[in-house]
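Please work through the exercises below with the sequence and the structure at hand. Each task is followed by a solution in steps.

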Amino acid sequence: MINLSEVKETNDMIQKENLDVRTITMGISLTDCIDSDTDRLCEGIYDKITDRAKDLVKTGESIEAEFGVPIVNKRISVTPIGLIGASACRTEEDFVKIAKTLDRAADATGVNFIGGFSALVAKGMTEKESLLIRSIPAALKETNRVMSSVVAASTRSGINMDAVRLMGQIILKTAEETKDNDSIGCTKLVVLCNAPDDNPFMAGALHGVTEGDTVINVGVSGPGVIKTALEKVRGADFETLCDTIKNTACKVTSVGELVAQETSKRLGVPFGVIDLSLAPTPAIGDSVADILQEIGLEYTGAPGTTAALALLNDQVKKGGVKAASYVGGLSGAFIPVSEDQGMIDSVNVGALTIEKLEAMTCVCSVGLDMIAIPGDTKATTISGILADEMALGMVNQKTTACRLIPVIGKGVGDEAEFGGLLGHAPIMPVNSFSCDAFVNREGRIPAPIHSFKN
Amino acid sequence: MKRAIITVVGHDSVGIIAKVCTYLADNNINILDISQTIVGGYFNMMMIADLSDKKKHFIEISEELEKLGEDIGVAIKIQREEIFDKMHRI
């Protein structure tokens, strides 16, 4: 029988160490909504989403109340709109219309974000996908809850440099369109390599074409719980360190598994995956950077950071798989800057640079995330950073992503304020040497060879 | 059997257990186990309760227990047992 100390341990995790389930994301296929008429398409999309997800928020809230564990976000992901809108959309405005429909559906169901305003263009881009990408700045300006992603590379097909070049311009234009709010549009736009079909986390959540009609994916969290557990083993050897992370990650994930199974059962929707993640928030004590510092670094970014993060990421997965029946999504430690107070502090003292963050993305989930850069950064420079991050994912056979925010009107020394879970971020300096001639080459970078690993 | 864990945390005073138990009895909730400690005047109690024949909806009970806690100056929380089982029993 459960005893008092076990109950206290669980409730301390929830109340003092910010244990929560970060998101329940319902994936909804929109393939049966495809139509050649934009109005009929939008109507079909709205009806399907509001039907499938009508009880999502309510169910999440009652599970939250019954188990006493916060479920921070309830969200929806849909089939990439680049595919769904291909038959109906003839102009950028048509795609914006779909974005507004998604926004209305999100509002009606009460979810805080809806992902899938996306294009899968790792190898090539159809004319309609190009239209969708060009509509992103207006779509993100005119909606509140829509998240957009562009998959521009994969290990199997290489890097679509035409898409990467275009995305440099689109990111800047999105920043310009939302410059009155510190270019917040860019916080809802991510460029990915090797995007998973079942990721519950935004901004990259989309319901892949390999998925069924409707599915429940759950993202867990709990950096504060790991940090507190590690405080008790200061100075211990690596074996103890790793065991502590592993055992704690197992406990954290077990809560996510329970919530996922319960949600799936109550909604009558199949359970997809648990995303074994350490997702920070700007709240004090909910930081991945703090864990790295507890492992033994003065600040995140100090020499040893990449090794410490590699260890952390691996142990989280090893502990998590024991507690979860199906694992997927982005699984790993997230290292967004604006959403993690420890990361922000490390940037402010000069310990953490974009280059070090880039190295860290080689060993963790996911990429250069929520990084504010000067508003006068050139589009080609942004494309260069995107290309570097895509290359890391492509060669290392992992998911990588870039969510960069060129904050219009601000430069190094300033700070951008996004509010809520998105947090605030110091503007980080960007290497300003030109990569114009590289980025302006047309075509794609071929897929890497899958042998001779060195 | 539908079981839940009720925790009561706060400064110790006369009649905490009596008041909680009265509420549970009124709502047809059977208590299976009680454990309690007091450290430095701080009251920490846990009950395992059987909710099979409860008179009200879980959420309603949860809200009323929270309110009762506020009245007597302690924090009362009710959670379904599965969350603890899942975390602590492999």
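The model is predicted: local features need pLDDT of at least 70, side-chain atom pairs count only at pLDDT 80 or more, and totals for chains, interfaces and linings use all residues. Residues are numbered from 1 along each chain as its sequence is written, while chains are lettered from A and ligands numbered from 1 in the order in which they are written.

**Exercise 1. Domains of chain A**

Task: Describe the domains of chain A and the contact between them.

Solution. 
Step 1. Chain A is divided into domain 1 (22–193) and domain 2 (219–445); such bounds come from an automatic or database domain assignment. The centres of the two domains of chain A, taken over C-alpha atoms, are separated by 22 Å.
Step 2. Domain 1 of chain A contributes 42 residues to the contact and domain 2 of chain A contributes 47. Two residues are in contact if their C-beta atoms, placed from the backbone, lie within 7 Å.
Step 3. On the side of domain 1 of chain A that touches domain 2 of chain A, the elements giving two or more residues are β1 (21–28), α3, β4 (146–154), β5 (158–160), α7 (161–177) and β6 (189–193) of chain A. Helices (H or I, at least four residues) and strands (E, at least two) are DSSP runs, numbered from the N terminus.
Step 4. The most residues on this side of domain 1 of chain A, 11, come from α7(A). By class, this side has 22 nonpolar, 12 polar and 8 charged residues. Ala, Val, Leu, Ile, Met, Phe, Trp, Tyr, Cys and Pro count as nonpolar, Asp, Glu, Lys and Arg as charged, and the others, Gly among them, as polar.

**Exercise 2. Backbone exceptions**

Task: Locate Asp182(A), Met370(A) and the cis peptide bonds that end at Ala203(A) and Val366(A).

Solution. 
Step 1. Most residues other than glycine have a negative phi, and most peptide bonds are trans.
Step 2. Asp182(A), not a glycine, has a positive phi of about 55 degrees. Asp182(A) sits in the loop between α7 and β6 of chain A, and it is buried because 27 other C-beta atoms lie within 10 Å.
Step 3. Met370(A) likewise has a positive phi of about 55 degrees, but its place is in strand β11 of chain A. With 25 other C-beta atoms within 10 Å, Met370(A) is buried.
Step 4. The bond from Met202(A) to Ala203(A) is cis, with omega near 10 degrees; Ala203(A) belongs to the loop between β6 and β7 of chain A. The bond from Ser365(A) to Val366(A) is also cis, with omega near 10 degrees, and Val366(A) lies in the loop between α13 (354–360) and β11 (368–374) of chain A.

**Exercise 3. Chain B and its partner**

Task: Characterise the contact between the chains and the order of elements in chain B.

Solution. 
Step 1. The contact joins 19 residues of chain A and 21 residues of chain B. Elements of chain A that give two or more residues to it are α1 (4–15), α3 (56–67) and α9 (238–267).
Step 2. Chain B has 3 helices and 4 strands, in the order β-α-β-β-α-β-α from the N terminus.
Step 3. Of the 90 residues in chain B, 31% are buried.

Notes: Buried ≥ 20, exposed ≤ 12 C-beta atoms within 10 Å, placed from the backbone.
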